[in-house]
Amino acid sequence: MVMIKATWVSIFALAAILLVILVPVAEAVTCSPMQLSPCASAITSSSQPSALCCKKLKEQKPCLCGYMRNPSLRRLVSSPNARKVSNRCKLPIPRC
């Protein structure tokens, strides 16, 4: 009986190790509207977004709905120019 328990414990331990190795871990995103500062000129004018702007916008994608719900940020991230920047960066506007 003890041998069977030890075998099951070993099997579960091996399964846990395989899950840790095989399942990729998503990097945590720190939501900070300041991360979008490279996009400021493109959002406030009609200039093209830079590569850095598009990179930061894609990194902050999980945060965009939170920004849209924030009354002080909503007008910036939901503006027509912000939508143009999002389209030019090939990043769909999230449905929140």
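Which residue forms a disulfide with C31, and how far apart are their sulfur atoms?

**View 1. The disulfide of C31 and C63.** C31 is bonded to C63, with the sulfur atoms 2.0 Å apart; a disulfide is a pair of cysteine sulfur atoms within 2.5 Å. C31 lies in the loop between helix 1 (2-22) and helix 2, and C63 in the loop between helix 3 and helix 4, so the link ties together parts 32 residues apart in sequence. Helices are DSSP runs (H or I, at least four residues), numbered from the N terminus. The torsion about the S-S bond is -80°, a left-handed link. C31 is partly exposed at 47% relative accessibility, whereas C63 is buried at 2% (buried, under 20% relative accessible area; exposed, over 50%; partly exposed, in between; 1.4 Å probe, protein chains only).

The model is predicted: local features need pLDDT of at least 70, side-chain atom pairs count only at pLDDT 80 or more, and totals for chains, interfaces and linings use all residues. Residues are numbered from 1 along each chain as its sequence is written, and side-chain values use heavy atoms, with hydrogens and water left out.

**View 2. The disulfide of C39 and C53.** The S to S distance is 2.0 Å, and the link is right-handed, with 110° about the S-S bond. Both C39 and C53 are buried.

**View 3. The disulfide of C65 and C96.** The sulfur atoms of C65 and C96 are 2.0 Å apart. C65 lies in helix 4 and C96 in the segment after helix 6, so the pair ties together parts 31 residues apart in sequence. C65 is buried at 17% relative accessibility, while C96 is exposed at 56%.

Conventions
Helix = DSSP H or I, 4+ residues; strand = E, 2+ residues; numbered from the N terminus.
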